Amino acid sequence: MTDTATTGRALPHPERDEIRLETVLHALADPMRLRIFHELSSGEGELSCSQFDLPVTKSTTTHHFRVLRESGVIRQVYRGTAKMNVLRRDDLDDLFPGLLDRLLAATELQLRRIGGA
């Protein structure tokens, strides 16, 4: 794992070759983490943790972001006091071509089906 640091605070991230398919799929199997993935996929650039309106406690939200980061789905960096999040699309597309696009399409279909979009 490598540390990405800005402003002196480091967060561990797996190297590209350490990212495993089963870990990515496990991270995205949770509805809250899938929601974060969907928002990061459809947004542009980095989003702070506070920009996500999740119906869970702050500590649970922190846990979900940590699972996504440690699985290699997202990269997190500090910008001042904000923890910014971005999808590791390039890494994941190189490792698992087409996976993110298929997951995003399936997520959007499900949201339409259950009335969440």
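Predicted model: local features only at pLDDT ≥ 70, side-chain atom pairs only at ≥ 80, totals over all residues.
Three strands form an open sheet in the order β3-β5-β4, and their pairing is antiparallel. The edge positions are held by β3 (residues 47-48) and β4; each has a single partner strand, so one side of each is left without a neighbour in the sheet. Helix α3 packs on this sheet, where α3 touches both β4 and β5. The direction of α3 makes an angle of about 120° with that of β4.

The pairing of β4 with β5 can be followed residue by residue. Strand β4 spans residues 74-79 and strand β5 spans residues 82-87, and the two pair in the antiparallel sense over six bridges. Among the paired positions, Arg75 has Val86 in β5 as its bridge partner, while Arg79 stands opposite Ala82 in β5. The hairpin of β4 and β5 has two residues between the strands, and within this hairpin Gly80 takes a positive phi near 70°. In general, strands of a sheet pair through backbone hydrogen bonds, in either a parallel or an antiparallel arrangement.

Elements of the sheet and the helix packed on it also contribute to the largest pocket. The volume of this pocket is about 280 Å³. Its lining comprises 18 residues, of which Cys49, Ser50, Lys58, Thr61 and Thr62 are the closest to the centre. At least two lining residues are supplied by each of α3, β4 and β5. Helix α3 provides the largest share of the lining, with six residues.

Salt bridges were examined next. The search of the whole structure finds nine of them. One joins the side chains of Asp94 and Arg16, with an N to O distance of 2.4 Å. Asp94 belongs to helix α4 (residues 89-95), whereas Arg16 lies in the loop between β2 (9-13) and α1 (21-28), so this pair ties together parts that are 78 residues apart in sequence. Asp94 counts as exposed because its relative accessibility is 51%, and the threshold for that class is over 50%. Arg16, at 34% relative accessibility, is classed as partly exposed. Both residues also take part in a network of salt bridges that links Arg16, Arg88, Asp91 and Asp94.

Two further salt bridges lie within helices. In helix α2 (residues 31-42), Glu39 and Arg35 are four residues apart, which means that about one helical turn separates them. The closest N and O atoms of this pair are 4.0 Å apart, and the salt-bridge criterion is a separation within 4 Å. Glu39 is partly exposed, with a relative accessibility of 26%, and Arg35 is likewise partly exposed, at 33%.

A corresponding arrangement occurs in helix α3 (residues 58-71), where Arg66 and Glu70 are four residues apart and therefore separated by about one helical turn. These two residues form a salt bridge in which the closest N and O atoms are 3.7 Å apart. Arg66 counts as partly exposed at 35% relative accessibility, and Glu70 is also partly exposed at 35%.

How values were computed
Residues numbered from 1 in each chain as written. Heavy atoms only, no water. Buried < 20%, exposed > 50% of the residue type's maximum accessible area, 1.4 Å probe, protein only. Pairing = 2+ DSSP bridges. Contact = heavy atoms within 4.5 Å. Axes fitted to C-alpha atoms, helices over the stretch in contact; angles between N-to-C directions. 1 Å grid on protein atoms, 1.4 Å probe; cavity = no way out; pocket = protein on both sides within 12 Å on 5 of 7 lines; lining within 4 Å. Points joined across faces, edges and corners; volume = space filled by probe spheres on them.
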